[in-house]
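Subject: Structure handover

Hello,

Here is the structure I promised you. Please open it and keep it beside this email as you read.

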Amino acid sequence: YLHLLFDGEQETTARYVLRRRLDRCSRALADPAQRSRSISWIASSNGFKSLPHFCRTFREHYGMRPGDFRAAAG
């Protein structure tokens, strides 16, 4: 049923889920209250099983590495 909802849309179901997970990660990286959390902890808590995959995907989506994103938001 979920796939039917995305039928005809520009974004696939998998892309939508990935984008939402990346959005949660970016909010956590920018949150000063989450500064003590490692990037790997934030990635894994949002469903990324591989840190290299997370970093590569994050960089493709945001144009910078997660650590640089965190520093810029700080």
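Which side chain does Arg19 meet in a salt bridge? Its partner is Asp23, at 3.9 Å, N to O. A salt bridge is a side-chain nitrogen of Lys or Arg within 4 Å of a carboxyl oxygen of Asp or Glu.

Some ground rules come next. This is a predicted model, in which local features need pLDDT of at least 70, side-chain atom pairs count only at pLDDT 80 or more, and totals for chains, interfaces and linings use all residues. Residues are numbered from 1 along each chain as its sequence is written, and side-chain values use heavy atoms, with hydrogens and water left out.

**Salt bridges**

The structure holds two of them. Arg19 and Asp23 both sit in helix 2, four residues apart, about one turn of the helix. Helices are DSSP runs (H or I, at least four residues), numbered from the N terminus. The other pair is Arg65 and Asp68, at 3.1 Å, N to O. Arg65 counts as partly exposed because its relative accessibility is 48%. Asp68, at 34%, is partly exposed too. The cut-offs are these: buried is under 20% relative accessible area, exposed is over 50%, and partly exposed is in between (1.4 Å probe, protein chains only).

**The core**

The largest nonpolar core has 11 residues, among them Leu18, Leu22, Phe48 and Phe69. Such a core is a set of buried Ala, Val, Leu, Ile, Met, Phe, Trp, Tyr and Cys residues, joined through side-chain atoms within 4.5 Å. Helix 2 (13-30) gives the largest share, five residues. Leu22 has contacts (heavy atoms within 4.5 Å) beyond its neighbours within four places in sequence, including Phe54, Phe58 and His61. Leu4, in helix 1, is exposed, with a relative accessible area of 64%.

**Helix 4**

Phe54, Thr57 and Phe58 are buried in helix 4. They are on the same side of the helix because they cover an arc of only 100° around the axis. That arc is taken from the directions from the helix axis to the C-beta atoms. On the other side, Pro52 and Glu60 are exposed. The buried residues of helix 4 pack against helix 2, helix 3 and helix 5.

Best wishes

Technical notes:
Helix = DSSP H or I, 4+ residues; strand = E, 2+ residues; numbered from the N terminus.
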